[in-house]
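Subject: Structure handover

Hello,

Here is the structure I said I would pass on. My notes on it follow below.

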Amino acid sequence: MVTIGIMDYKAGNIRSVMTAVQYLGAKGIISEDPNVLQKCDKLIIPGDGEAKAVMEVLNTTGLSDFLREYFNSGRPILGICIGCQIVLEKSEERSTPCLGFIPGEVVRFPQQPGLKVPHMGWNQVHHEHSHPIFHGVPEDSPCYFVHSYYPVPRFEEHQAARTEYGVSFVSAIKKENLVALQFHPEKSAAPGLKMIENFIFHC
Amino acid sequence: MLLKRIIVCLDVRNGMTTKGIRFKGNIDIGDPVVMARQYYEEGVDELVFYDITASAEGRRLFLDVVERVAEQIFIPFCVGGGIGSIQDMRDTLLAGAEKVSINSQAVKNPRIIQEGASRFGSQCIVLGMDALRDPAMPSGYRVVINGGRTPTERDALEWALEAEKLGAGEIVINSIDADGTKEGYELPLTRMLSEAVQIPVVASGGAGKPEHLADVLIEGKADAALIASMVHYGEYTIPQIKEYLSTRGIPVRVVPPLRS
């Protein structure tokens, strides 16, 4: 059975990620211990949270170094929400240096009349490049978002999907063995479950 | 484009879904876990569970319901009723809820909004507010608590703005005047709050037919509409309601079938 490490860094609702992984027939292991996560076939970086606080936890616990090694080992990683932001070089959220696996930065939604921030609710995800995570997922499937910042990868090749909210922003990014979703697939009904299933069995 | 949400509300008492009219008299109408799964499969966008039991035993049954719901539905859901401390919030979120809703307890102790938001994030903290028409109040609406039974000195608009400042991530505005009437949402109240705050506003109380949802999402400028009895008794289904809203030009979530 495929084992999926779910990194626990005390952010957000990771239980729902675990539930989805189990529901899809894989073994999920929630842990904050690099030695435990190291043994997993694939890794999910879940969660809500604030970039600075998250990076501080990762840097002080050694999880940053672990993530770098895991990424370089070529094994699949799925980032979710804040996990889709900290993989870039830096975040505008309290000027936070991040992991830098993907060139680019994270910015806040612009202030616009009538545009509520955080962007919260269901919004369509438009695929930019084919990626195994979207296999069988209909184009423009609505997914569940809760965020105030979004990723801006420097290179077009790292864009996996886009979504419209005041601006057209990148809602999924990819590079090599890493794919990261700004929305919550574990809360996005059938299309989201399909993406997690794809990550478990086809990425 | 951000889609308008349809939220189904389930009042839970002693582990069973129950429905009352104007907070008087309740009848059990089903197993909340079974109902939640059904609404999920029909395409509801979010669910809210309110614990309306007062006993410790009822509370345990309720958290058990929350845990079993979390294992079966893969959309966000919010839990309210009886949440008065950070520990209550933590228990509820750990049981699998995305959001917690605080109502009377927030009026009695507004700091709980701030504490909850800084601990768990604003996106988790929903302010539930019951409001009653009252020309004596600056906005025309008075905040009432304890299920609508106890009037407070707070003005609905001022309280919404204060809660937003304290860190609430969303407001569910329930009109006591409209609740249970099935004659439509309280549009002026909903619109006033929607225009005043930057956080999403969910309209509650008064829905009887799909036209009411269209009215509150368009004229009331709500981000989401909460319904209960309209669907609990099989009068309408979620797909019927969404189809109607689509014909009115309201963007709603329709899940296309997955490709193999």
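Contact here means heavy atoms within 4.5 Å. By that rule, 35 residues of chain A and 40 residues of chain B take part in the contact.

This is a predicted model, in which local features need pLDDT of at least 70 and side-chain atom pairs count only at pLDDT 80 or more, while totals for chains, interfaces and linings use all residues. Residues are numbered from 1 along each chain as its sequence is written, chains are lettered from A in the order in which they are written, and side-chain values use heavy atoms, without hydrogens and water.

Between the two chains, about 3,000 Å² is buried, with carbon and sulfur atoms giving 58% of it (accessible area, 1.4 Å probe, lost on putting the two parts together, summed over both). On the chain A side, A:Lys116, A:Met120 and A:Trp122 lose the most area to chain B, together 26% of what that side buries.

The interface has two salt bridges (a side-chain nitrogen of Lys or Arg within 4 Å of a carboxyl oxygen of Asp or Glu). One salt bridge joins B:Glu98 to A:Lys187, with the closest N and O atoms 3.1 Å apart.

Elements of chain A that give two or more residues to the side touching chain B include α1 (15–23), β8 (119–127) and α5 (189–202) (DSSP runs: helices, H or I, of at least four residues; strands, E, of at least two; numbered from the N terminus). β8(A) supplies the largest share of that side, six residues.

Regards
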